[in-house]
Amino acid sequence: MDTLTYPEDLKDGKENTAFTWDIKANSHAYHWQFKEKVFLCWHRQKYKTNVIRTAKYNFFSFLPRNLYEQFHRMSNLYFLLIIILQSIPEISTLPWFTLFAPLVCLIIIRATRDLVDDIGRHRSDRAINNRPCQVLVGKSFIWQKWKNLCVGDVVCLSKDSIVPADLLLLASTEPSSLCYVETADIDGETNLKFRQALMVTHHELTNTRKMASFRGRVMCEEPNSRMHQFVGRLEWNGNMYPLDIGNILLRGCKIRNTDTCYGMVIYAGFDTKIMKNCGKIHLKRTKLDLLMNKLVVLIFLSIVVVSIVLTVGFGFWTREFRDKHYYLWIPDRGGVAMESFFIFWGFLILLSVMIPMAMFIIAEFIYLGNSMFINWDEEMYYAPQDVPAKARSTSLNDQLGQVEYIFSDKTGTLTQNILTFKKCCIDGYIYGPDSESTCRPQENPYLWNQFADEKLHFHNKKLLGIVRAKRDKVVQEFWRVLAICHTVMVQKKDSEQPDLLVYQAASPDEEALVTAARNFGYVFLSRTQDTITLMELGEERVYQVLAMMDFSSSRKRMSVLVRNPEGTICLYTKGADTVILERLHKKHVTKLTTEEALAAFAKETLRTLCLAYKEVDEATYERWHQRHEEASVLLQNRTQALQELYNEMEQSLNLLGATGIEDRLQDGVPDTIKCLKKANIKIWVLTGDKQETAVNISFACQLLSENMVILEEKEILHILETYWDHKNLLTNKGFLNLTQHSKFAMVVDGDFLDKLLLSLRKEPRALIQNVEAEEPDEGVRDFLQGRSISRLWQSFSVQLTQMKSKDLKTRESPEIRRERAFVELASRSQAVICCRVTPKQKALVVALVKKYQQVVTLAIGDGTNDVNMIKTADIGVGLAGQEGTQAVQNSDFALGQFCFLQRLLLVHGRWSYMRVCKFLRYFIYKTLASMMPQIWFAFYNGFSAQILYEGWFLALFNLLYTTLPVLYIGLFEQDVSAWRSLQVPELYVAGQKDELFNYWVFLQAVAHGTATSLVNFFMTLWTSWDTAGPCSYSDHQSFAVVVALSELLCVTMEVILIIKYWTMLCVVAVLLSLSFYGVTTYITQSYWLYRISPKTFPFLYADRNVLSCPSTALVILLNVSLNTLPILALRMIQQTLEKPLSEEEAKKKARAEKILTVEPMPCLQRGPRGRRSSYDFSHREGYANLITQGTILKRSQGSNTVFGQPDRILRGEAIIWKYFSTIGEEPAIHLTKGAPRLQGGDSGGDSAKYRRVIFVGAAYGGRALAHREAAVTDGVAAGT
């Protein structure tokens, strides 16, 4: 029940265990011999260069690939077919260039848009590929471009350099070859992480000459997308050394606090892990675009059917005509069958205007205009960074109004990744920031402290007075804990100004806490292996560090055992309240008040931390110290033994207080999420951070709420696994009860997703899974928990049971069924939080939802780790933050802040969707209303495919006469204002349900257009029947003019009725359209043009003659009235009959909320204290081991130097390597001064089966001698 394990998973894990990636240092020729098969006899180099190409096209592929993509649109294929038919003189009824020119214009517009987007990618690629770096060539390092790097090259990097490829760290100028990196552009984390070289390369590769002679060989796994895993080994001088992710510098990291480091290229270019996670560029199509593809096919098939019917009518009419008028000579073109064949193609060409080319051309301008409105929106301009909103893609605007799922990164997207000290509780008293109006100082209150910086914005005059008075011991110990209990490293930027201290922490939490203590007078100055120096209110005090008990995800706390200058031994502890409060002295009086303060902090979404201490007598310490030394040298179960000792010491603590740290959200994030949820948009958070942090931020931004049931992996597995064994068919009543009376959210991690996403994963599993031992369960779950899980399962199983019956019919694979069941459960939840996920897993989650839900998805992020997710989603939004520009460059829309997403979707997205839908419906209506009379006319012209209208009317109808009102609808139409759209987010649901344009709306437009054409044609025909004289319009030209004018005025009246946002521009557009008709008709029907070309301008004074008779005007008015008044009446009746259910629905919703509050289901909810206590260290543990070993500390300036830097070899340091085989024979250990060699056992190729354990003699400072004695007793040499 705890893990999702299946037989096929075990099979997958046993395969792909051999190391096939073979890299040799400083040897290009060695790698050139390796080839890989691509297709048949085509082979290519196995190892890629470091060149990256994220652009979609190149010089040679642009034209064919772009044409291929454009002709994926059915409309373009249709127009190409009609152009080919028009070029055949025997069947052509219209000139071929009338459709060819618009099609070329449309293709050029779209191709130009794609080209401009791709040029930006080319520029970005060129800038990255041409970055400089130092590469070892011969016996010296020379500057080369990134694109010239190859696997096996040795690279030299300096401080603030960006890592150009995935490197094996060989050495650095830091102690023990440590290297500090910042991975903000990869995973969004700004806190420093450390990597460390192997000790053998640290000791041996001490200068450039040795680097040049280095011929080490790395055997590792094939390139993959697992960012936090790496398995391999280094073979050098006959020895083998295991490698893991801690020895690797990933491409995109930035070197920090390290003067110089050296690395060997393992993966280059597209083989690097970050590029493996970037994904490919997908051709994104909107739902309306895909629907129009289907409608084009439907209209084309309808035209074919109509053409066949008219052709059959032509055949019957021809035979009847020849029988009655046998005396007339009729040219014979091969008989009736052949003539019918030509007539069929003639009708097909004539009716091709049913799919108007102008609609697609105008649509491109509408998309472009709406994109420009996004770019010009001052409400989405982020002034602090001078970042305006930008629509990088102009073809996805309408899809912004149909989003149902948002997948968001956390760090840098929802948060600013800036942690500030907000409140604290000391000895039961809460100290918050002074209000602005009362006690807030006008100047910095910490000027008395020479070490104070400007990072602390917490000001409390009362607390500062108590601290400076030095009378309250609890207050003194409170700040002392913050200054001592941490693993922060300190640097002095300027020796002449010792008060300029720079703190480097393993997490931003620690830096915020130590900075707060620093400003309040308890300044952390420096540390050694066994001491830590503070400046306490002007007095320098040195504490002897006796033991450091580092943070881990299972302990959720950190402790430091010190001896103060007075000789007293004290234990200082900080950690999550769930683990600190249960370790307090039973008679502690401030526990209750501190718990109330923690609850208050939790309501303010602060991240809480409890502080405690106790004094330890000398005898107790000596007994504990002896057992600690014995446990430190155990060869088996050492970690477990140390954990038990730590837990034993951390008992009977005295509570000092608690801190409240604010992980500052971006402006407006809670309100934005609240508004988006009202718009029926589900928000999933996909982050590489820890679960505690992600959940805490989710509560802070109101994505999660107090009345939600939170399902974690165990509960989800319980529901899913019970489903596979459940065979009883339940009613739908249970499922409805779940959706109405239960609000739940899901929290999963990357390991769970890796086991779930089987059908979408295209690469093998990791060779080694990083498994953390969890603390024992806190007890058996109570009855309410079991009851709620059972209730939730019973409700959800209805849906799954129906799915299961369908699966039996379709015989889906187990992987598909697992994924579908998970997505169905997740789709019913209020929110989903995915923690510790890789960039590839983010993309797979998005693909999973798209695969099974068929919904519009949006992904938003700001880092390189979000690029794959942004590319995979239907819409990608990049935030222009502090983590580089990769997310923006690969996005469809760029924003400055997350809060602008609300306006982008609810205003611009909804408007664009509404405008495009109204545009499409109206265009289809007016096209059918004007072109359907061609079909009715065929019944009266002997089915001869003769054109009814004047040729210029057909050519200019969509170009001039009706274009401006249509453009106005597509660019400026508003059903409600922007303010109203934000105040009533429920209006957004119409786009999610495809209410404004679907098959039913299309059929309505077809019916409306057909009815209009019937009225205009047959009413004109009926009124002109058996008429003659000057006012008669029974001749062809007069009849065509009356029908054309009726059509034009009818479609103009329709556009007047459907426009809701009237401006002067709208009035001008309508009047100009009618004016264009009058002017162009006057010109085309003039006598001087008729004299020039009678065939081109045959309608001489036709409009003037028709309109000169009042009766004709009355017929036109009658046609317009018959088409407009009934439609207007129907719409008014429809609006009247619509039931106002909004109030009733609101009452039902309120009752459902009331039911939920009566029975809140507390069983699966995490209590507020446990939830808010996000003791947020990085993914690794802190620096405690490195501090106690001394490997993180620099030596004095008098030591020997290597590469012009202090000597990296610590005296008294002896490193012993031991390998444990998890299976088979246990190999022996051959001890050497430098590094070990494997002997016996399985030393072949599977170093993934071995685990490394390091003992350092100098790790315990003054206790090194006792350590050595204990080690020698166990047969281990631990020192020199």
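Reader: Why is Arg121 called buried?

Author: Buried means under 20% relative accessible area, exposed means over 50%, and partly exposed is in between, using a 1.4 Å probe and protein chains only. Arg121 comes in at 19% relative accessibility, so Arg121 counts as buried. One thing before we go on: this is a predicted model, where local features need pLDDT of at least 70 and side-chain atom pairs count only at pLDDT 80 or more, while totals for chains, interfaces and linings use all residues. Residues are numbered from 1 along each chain as its sequence is written, and side-chain values use heavy atoms, with hydrogens and water left out.

Reader: What makes Asp118 and Arg121 a salt bridge?

Author: The rule asks for a side-chain nitrogen of Lys or Arg within 4 Å of a carboxyl oxygen of Asp or Glu. For Asp118 and Arg121 the N to O distance is 3.0 Å, and a salt bridge it is. Asp118 is buried too, because its relative accessibility is 2%. As for the background, side chains of opposite charge can pair when their charged atoms come close.

Reader: Where do Asp118 and Arg121 lie?

Author: Both are in helix α5 (residues 97-129), three residues apart, or about one turn of the helix. Helices here are DSSP runs (H or I, at least four residues), strands are too (E, at least two), and numbering goes from the N terminus. The protein has 45 helices and 41 strands.

Reader: How many salt bridges are there by that rule?

Author: The count comes to 43. Take Arg226 and Glu221, whose closest N and O atoms are 3.7 Å apart. Arg226 has a relative accessible area of 14%, so Arg226 is buried, and Glu221, at 5%, is therefore buried as well.

Reader: What about Glu615 and Lys473: what makes them a pair?

Author: Their side chains meet at 3.8 Å, N to O, in a salt bridge. Glu615 sits in strand β27 (residues 607-616) and Lys473 in helix α14 (residues 473-484), so this pair ties together parts that are 142 residues apart in sequence. Glu615 has 48% relative accessibility, so Glu615 is called partly exposed; Lys473, at 45%, therefore gets that label as well. Elsewhere, salt bridges with shared partners join Glu477, Arg480, Glu536, Glu539, Arg541 and Glu566 into one network.

Reader: Which strands make up the sheet that holds β27?

Author: Nine strands form an open, antiparallel sheet, in the order β19-β18-β28-β27-β26-β25-β24-β23-β22. Two strands pair if DSSP finds at least two bridges between them. β27 and strand β28 (residues 654-665) have seven bridges in the antiparallel sense, with Arg607 opposite Ile661 in β28.

Reader: What makes β19 and β22 the edge strands?

Author: β19 (429-431) and β22 (522-527) each pair on one side only.

Reader: How does helix α17 run relative to β28?

Author: Helix α17 (residues 591-603) runs at about 5 degrees to β28, lying across β18 (415-426), β19, β27 and β28. Axes are lines fitted to C-alpha atoms, for helices over the stretch in contact, and angles go from 0 to 180 degrees between N-to-C directions. Helix α21 (residues 691-700) lies across β18, β27 and β28, at about 70 degrees to β28.

Reader: Why is Arg583 called buried?

Author: Arg583 has 8% relative accessibility, so Arg583 counts as buried. You'll find Arg583 in the loop between α16 (577-580) and α17. Contact means heavy atoms within 4.5 Å, and, leaving out residues up to four places away in sequence, Arg583 touches Arg557, Asn647, Glu650, Gln651, Ser652 and Leu653.

Reader: Which other sheet has an open form, and why are β5 and β13 at its edges?

Author: Six strands form an open antiparallel sheet, in the order β5-β4-β6-β15-β7-β13. β5 (140-145) and β13 (248-249) each have a single partner strand, so one side of each is left without a neighbour in the sheet. Strand β4 (residues 132-137) and strand β6 (residues 154-158) pair over two bridges, and Val155 in β6 is the bridge partner of Val135.

Reader: How much of the protein is buried?

Author: Of its 1280 residues, 56% count as buried.
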